[in-house]
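Thank you all for making the time this morning. I would like to walk you slowly through one model, beginning with a single chain and then turning to the way the chains meet.

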Protein chains: 4
Amino acid sequence: MSELERIGISLGKHLLAQFDELIAQRNYPNRSEAIRDLIRQSLSERGLAKPTTAAVGAVFLVYDHHAMKLSQRLVEIQHQYLVQTVASTHVHLDHHNCLEIIILKGKVKDINEIADRIITLKGVKLSRLNMMSIGARLS
Amino acid sequence: MSELERIGISLGKHLLAQFDELIAQRNYPNRSEAIRDLIRQSLSERGLAKPTTAAVGAVFLVYDHHAMKLSQRLVEIQHQYLVQTVASTHVHLDHHNCLEIIILKGKVKDINEIADRIITLKGVKLSRLNMMSIGARLS
Amino acid sequence: MSELERIGISLGKHLLAQFDELIAQRNYPNRSEAIRDLIRQSLSERGLAKPTTAAVGAVFLVYDHHAMKLSQRLVEIQHQYLVQTVASTHVHLDHHNCLEIIILKGKVKDINEIADRIITLKGVKLSRLNMMSIGARLS
Amino acid sequence: MSELERIGISLGKHLLAQFDELIAQRNYPNRSEAIRDLIRQSLSERGLAKPTTAAVGAVFLVYDHHAMKLSQRLVEIQHQYLVQTVASTHVHLDHHNCLEIIILKGKVKDINEIADRIITLKGVKLSRLNMMSIGARLS
């Protein structure tokens, strides 16, 4: 964490009481940690709106692992975008389905483009893309 | 606003600098206002996860106003859920489309149910439900 | 609706059975209506990713109606963006809170900018922006 | 995929033309694949609304890998929820930050609870939870 600063915030008694309740429910160690989380989340979301923001993304895929062609296409695409592809994790969900998470790193627009190439492949049953901007110094 | 309290928050220098930049970009009058907004938003989202939370919702509909039957069904549904229906606003978007916003107030689960009745009507072209929990004292 | 076309779709027996169940639960009159809804929704979401797409948006605000200055600022902003401001609806939620929904029409980026001006005003307790792209012919 | 069935869908000429454009842009092999995707996504989202639905989730974390205590707590939590924890992948983002993706499998409510335990740990800079319901037969 960079050098710490201390700031003062004023807020209504009722609002504070409810926030404290939420903090307790969610097991945050203290208010500062909870507020830092809210701030980082809002900075990250803001960042994602710009196509050129540095980000890390993960594509979730559920697919039938009997779909041999799909596995092959997945590997091809990851090699094609070698610079942006960081890693992938494969999990066996049940007899039919497996889950693959492909981690991508790059500009928001590049991650979107690669994810779209993957998500639309024949044989993919479910998919989702998750991104977080990492351009900002977060601490 | 209820009686004000003042709390101290510590956070890293870099994180604070970026937050201040975001605050300036978004024209917030000060840090307290921006943080209060983040806190209220997170309390409201948390509240929506419980089906019995008191909430206010708005159903957006885009539909063809030549669809006479739909207009009639919309009125019928609003009367059927008279307790939850607060108001509706109708806007002419273009020659074909109109936008209707139906404001609902009640428990999260009731708003969801009514919205689903409306959204699935034949003739509705686009729809979206927006909810905010209002159970919490927000100031 | 424009001239109707009929297309054939093939899908797995199990997937179809579950879709039919969902359709029944949500009271859709038939499969075509449910699929048209999914298609329109996905076109609209896609459209919102472009800053210049024609859209309609609604800003939800919960605020304390004793905040006289805020009401005045809200009116001023709406007049300042006269071209984009379509209408606003005001609802009394309880003794303290009122809900205002301001309907905006314009390019995605303009709606975002105006909404941000409104959302960050001092006195706004909760806010949300909802947008739907309307550039596409939806029927 | 389970035994295939073929169904007919009717939709407006303009809507179909735009859908075809979207399909081409996104590189879907054909309309059936694109519509199956929309259907599965909507079934999955619906499923997530029930706390007892079988799901797979992934928690994304960005944190400073100098935070030794956090790494230890992460391992402890994963062992505590051994049944639901499937795997985790660790990626070095830059000199300060690393990304960890923890894959969880279980009921929606369990995944939410575990994720909350993780997300609120001191030292986590950014986090997000992504879930997909897998209860339904998806093919």
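Predicted model: local features only at pLDDT ≥ 70, side-chain atom pairs only at ≥ 80, totals over all residues.

Let me start with chain A, in which there are four helices and five strands, where helices (H or I, at least four residues) and strands (E, at least two) are DSSP runs numbered from the N terminus. Read from the N terminus on, the elements of chain A follow the order β-α-α-β-α-β-β-α-β.

Residues are numbered from 1 along each chain as its sequence is written, and chains are lettered from A and ligands numbered from 1 in the order in which they are written.

Now to the overall form of chain A. Its C-alpha trace spans about 60 × 35 × 20 Å along the principal axes. The radius of gyration of chain A, taken over C-alpha atoms, is 20 Å, well over the 14 Å that the globule rule gives for 139 residues, so chain A is more spread out than a compact globule; that rule is 2.2 Å times the number of residues to the power 0.38. The domain assignment, which is an automatic or database one, gives chain A a domain 1 (13–48) and a domain 2 (54–133), and the C-alpha centres of these two domains of chain A lie 32 Å apart.

Buried residues make up 36% of the 139 residues in chain A. A residue is called buried if 20 or more other C-beta atoms lie within 10 Å of its own, exposed if 12 or fewer, and partly exposed in between, with the C-beta atoms placed from the backbone. As for contacts, two residues are in contact if their C-beta atoms, placed from the backbone, lie within 7 Å. Among the contacts in chain A between residues at least 6 apart in sequence, 73% join residues at least 24 apart.

Helix α2 (residues 31–48) of chain A has 18 residues and reaches 26 Å from its first C-alpha to its last, close to the 26 Å expected at 1.5 Å a residue, the expected span being 1.5 Å times one less than the number of residues. Its buried residues include A:Ala34, A:Ile35, A:Ile39 and A:Leu43, and also the charged-type names A:Arg36, A:Asp37 and A:Arg40. What covers the buried residues of α2(A) includes α1 (13–25) and β5 (124–133) of chain A, but also β1 (4–12), α1 (13–25) and α2 (31–48) of chain B, together with β5 (124–133) of chain D.

In chain D, what does D:Ile39 touch, leaving aside its neighbours within four places in sequence? D:Ile39, which sits in helix α2 (residues 31–48) of chain D, is in contact with C:Leu15, C:Phe19 and C:Leu38. D:Ile39 is buried, with 22 other C-beta atoms within 10 Å. The buried residues of α2(D), one of which is D:Ile39, pack against β5 of chain A, β1, α1 and α2 of chain C, and α1 (13–25) and β5 of chain D.

That brings me to the meeting of chains C and D, where 33 residues of chain C are in contact with 33 residues of chain D. On the side of chain C that touches chain D, the elements giving two or more residues are β1 (4–12), α1 (13–25) and α2 of chain C, and the largest share, ten residues, comes from α2(C). By class, that side has 15 nonpolar, nine polar and nine charged residues; here Ala, Val, Leu, Ile, Met, Phe, Trp, Tyr, Cys and Pro count as nonpolar, Asp, Glu, Lys and Arg as charged, and the others, Gly among them, as polar.

Chain C can be laid on chain D with an RMSD of 0.0 Å by a turn of 180° and a shift of 0.0 Å along the axis, which is the relation of a two-fold axis. Such copies are superposed by least squares on the C-alpha atoms of residues with pLDDT of at least 70 in both.

Chain C also meets chain B, with 34 residues of chain C in contact with 34 residues of chain B. The side of chain C that touches chain B has 17 nonpolar, eight polar and nine charged residues. By contrast, no contact joins chain A and chain C, whose closest C-alpha atoms lie 9 Å apart.
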